[in-house]
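This report walks through a model chain by chain and interface by interface. Please keep the sequence and the structure in view while reading.

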Protein chains: 2
Amino acid sequence: MPKVLITTIPFGNPEPKPLKMLEDAEIEYTINPYNRKITEKDLIEIIANYDGLIAGTERISKNVMDIASNLKIIARVGVGTDNVDLNYAKDNNIMVSYTPDAPGPAIAELTIGFMYSLLRSTHTANLLMRRGKWQRSIGRSFSEMTIGIIGAGRVGSKVIELISKIGCSKLLVCDIHHNEILRDQHGFEWATKEKIFTEADIISFHVPLTGDAKGMVKRDQLLSMKKDVLIINTARGGIIDEDDLYEVMKSGHIGGAAIDVFDQEPYEGSLMDIDRCLLTPHIGSASRECRAKMEMEATEEIIRFFQCKELLSPVTETEYLPQKQ
Amino acid sequence: MPKVLITTIPFGNPEPKPLKMLEDAEIEYTINPYNRKITEKDLIEIIANYDGLIAGTERISKNVMDIASNLKIIARVGVGTDNVDLNYAKDNNIMVSYTPDAPGPAIAELTIGFMYSLLRSTHTANLLMRRGKWQRSIGRSFSEMTIGIIGAGRVGSKVIELISKIGCSKLLVCDIHHNEILRDQHGFEWATKEKIFTEADIISFHVPLTGDAKGMVKRDQLLSMKKDVLIINTARGGIIDEDDLYEVMKSGHIGGAAIDVFDQEPYEGSLMDIDRCLLTPHIGSASRECRAKMEMEATEEIIRFFQCKELLSPVTETEYLPQKQ
């Protein structure tokens, strides 16, 4: 009877169907016994017993895989694979699958919600009210905004779709691949990231954490932006340098920021001191609908694997490439 | 030279054009000398000197008008007139004008932003993060929601318009007047408020504070709603009983609330103790675009009045009626 460790939590709640499916397939499972985001060290301690892993964004390194002598499959609940040493997994005959399409709509909705919050500073007002400060600030509206989207992949394209429904003054999009069908549908303008940095009123990042994206936004880039720019990161923590963001916001530059992803999670850094920074604990894909879809897809992959069927969503070759550089 | 008191603040900032227009029309003005929301008592102290009033939502009562022997015109920057004793103004030959169409888009955007925040609990997450709690809650998405809109007037219809662009599972609308053109455009279903209370996942209020609306939502109505319902009030403070809302939320009922308007403003009440309550200081119309439009329209009314021209937006007869009851 294969044994599977489920590290990502919550899992099977509120939708218990994936757990039922594992039981029906006679797969034994353990849900994260630490009941918090699992660390590399935690994993090393317990992974040896397991044949499969239903994983979140925790680091699954060479060290983890060296101990995991039974491990044959990692099914990521989500899209990013930067936490998995993919090439080392391949060398050790550990299959890795993921759920690349499921999170898009949920991350896009979080992103659009962040735009609304930042435009009217509702997150800041909520903090101030609770400190007894009734301070009405004058916000802005979508119709006046130049919005810049960095990355038009699975998530970015969903964000673009929603913005084009809501409407804005101008939409600039940066991507290596120019998807002209998407452009024709939504009527935006392709732009370099430098143009977006200097011209946009709202900038949102939707790129994977590959070599290029890491540290894409540091002090110089932040200072090149408009003084009242609103910036959003729902992609990966390393894209915007957190210390530089703190320093630049502390100095009065940047109108507002919404950050859902961090270099080290749980985040405990200095951005907490900036009232106009909206902070959330990596909840991009945390919607009932999206979680249910991702948990189901990852569970189905695990079951397919142990029933010796072909995987539906193995991580594609292109995802392996950037880590080789 | 006519003298005008401007009580609503900020005014002429960031857009100084209305002040310039008053100067050009040789109208002397004073901007709220208290630099906070003005009270009835403040007004009584200073109003005697003024011929005109560019007003916010402060109470303009019989007592104020009795002192205001020179007052001939009140130009409300905004749409609600529940703060003005309209019939007493009429009896004393004080004209009242307002800017009924300007706030709609800005209030609608705030409302939709509130829906996004409540759906993902980003306001709560932001509070918890700052207390060192990394707690991922599972949110919901628009596509799963039954949304109920109470009031389909100038603001409600703008909210309906935005929701129909974004998409939801089902849209229920309650209004005395059934605007079938609006219904045909956006494909919602007319419903009683009782049906909305019991069936909707999100409920948003967009009614004026007339006799019917005051205390529309008390303990019984709140308890008749779904346990995880999300409720939004960007209309007027008296519509939802604040103490009842606190008690019911404290007991665990109601998934989240976003409240922009209060019985007594500035608000200092017990809802501050409820983390899943998003509180903002009456900023519905506080967007650059909307404020500029409202300030301009109110200023133009004042100028028209002192130049003995006909007013463009006198408060209509129908607004006077409810107060007579």
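## Backbone features in the loops

P14(B) sits in a loop of chain B, between β1 (3–6) and α1 (17–24). The model is a predicted one.

The peptide bond from E265(A) to P266(A) is cis, and its omega is near -5°. P266(A) belongs to the loop that runs between β11 (256–259) and β12 (277–279) of chain A. E26(A) is not a glycine, yet its phi is positive, at about 55°. Its place is the loop between α1 (17–24) and β2 (28–31) of chain A.

## Two domains in chain A

Chain A splits into domain 1 (3–102 + 286–319) and domain 2 (104–279). Domain 1 of chain A contributes 13 residues to the contact, and domain 2 of chain A contributes seven residues. The C-alpha centres of the two domains are 30 Å apart.

About 750 Å² is buried between domain 1 and domain 2 of chain A, with 47% of that area from carbon and sulfur atoms. Which residues of domain 1 of chain A lose the most area to domain 2 of chain A? They are K37(A), D82(A) and D101(A), which together make up 45% of what the domain 1 side buries.

Three salt bridges are found across the interface of domain 1 and domain 2 of chain A. R236(A) pairs with D82(A) in a salt bridge, with 2.8 Å between the closest N and O atoms. D82(A) is also among the residues of domain 1 of chain A that lose the most area to domain 2.

Four residue pairs are in polar contact across this domain interface. The side of domain 1 of chain A that touches domain 2 of chain A holds five nonpolar, three polar and five charged residues.

## How the two chains are related

Two copies of a chain are related by a rotation about an axis and a shift along it. Here, chain A superposes on chain B by a rotation of 180° with 0.0 Å of shift along the axis, at an RMSD of 0.1 Å. That is the relation of a two-fold axis.

Of the interface residues of chain A, 100% are interface residues in chain B too, so the copies meet through the same surface.

## The interface of chain A and chain B

In this interface, 55 residues of chain A contact 55 residues of chain B. The size of an interface is often given as the accessible area lost when the parts come together. Chain A and chain B bury about 5200 Å² between them, and 58% of it is on carbon and sulfur atoms. In chain A, R120(A), W134(A) and R136(A) lose the most area to chain B, together 16% of what that side buries.

How many salt bridges does the rule find across the interface of chain A and chain B? There are two. D228(A) and R288(B) meet through their side chains in a salt bridge, at 3.4 Å from N to O. Polar contacts between chain A and chain B number 29 residue pairs. On the side of chain A that touches chain B, at least two residues each come from α5 (104–120), α6 (122–130), α7 (156–166), β12 and α12 (288–306). The largest share, nine residues, comes from α5(A). By class, that side of chain A has 27 nonpolar, 15 polar and 13 charged residues.

Note on methods: Residues are numbered from 1 along each chain as its sequence is written. Chains are lettered from A and ligands numbered from 1 in the order in which they are written. This is a predicted model: local features need pLDDT of at least 70, side-chain atom pairs count only at pLDDT 80 or more; totals for chains, interfaces and linings use all residues. Side-chain values use heavy atoms; hydrogens and water are left out. Domain bounds come from an automatic or database domain assignment. Contact means heavy atoms within 4.5 Å. Buried area is the accessible area (1.4 Å probe) that two parts lose on being put together, summed over both. A salt bridge is a side-chain nitrogen of Lys or Arg within 4 Å of a carboxyl oxygen of Asp or Glu. A polar contact is a pair of N or O atoms within 3.5 Å; within protein, one must be able to donate a hydrogen and the other to accept it, and residues adjacent in sequence count only if both atoms are side-chain atoms. Ala, Val, Leu, Ile, Met, Phe, Trp, Tyr, Cys and Pro count as nonpolar, Asp, Glu, Lys and Arg as charged, and the others, Gly among them, as polar. Copies are superposed by least squares on the C-alpha atoms of residues with pLDDT of at least 70 in both. Helices (H or I, at least four residues) and strands (E, at least two) are DSSP runs, numbered from the N terminus.
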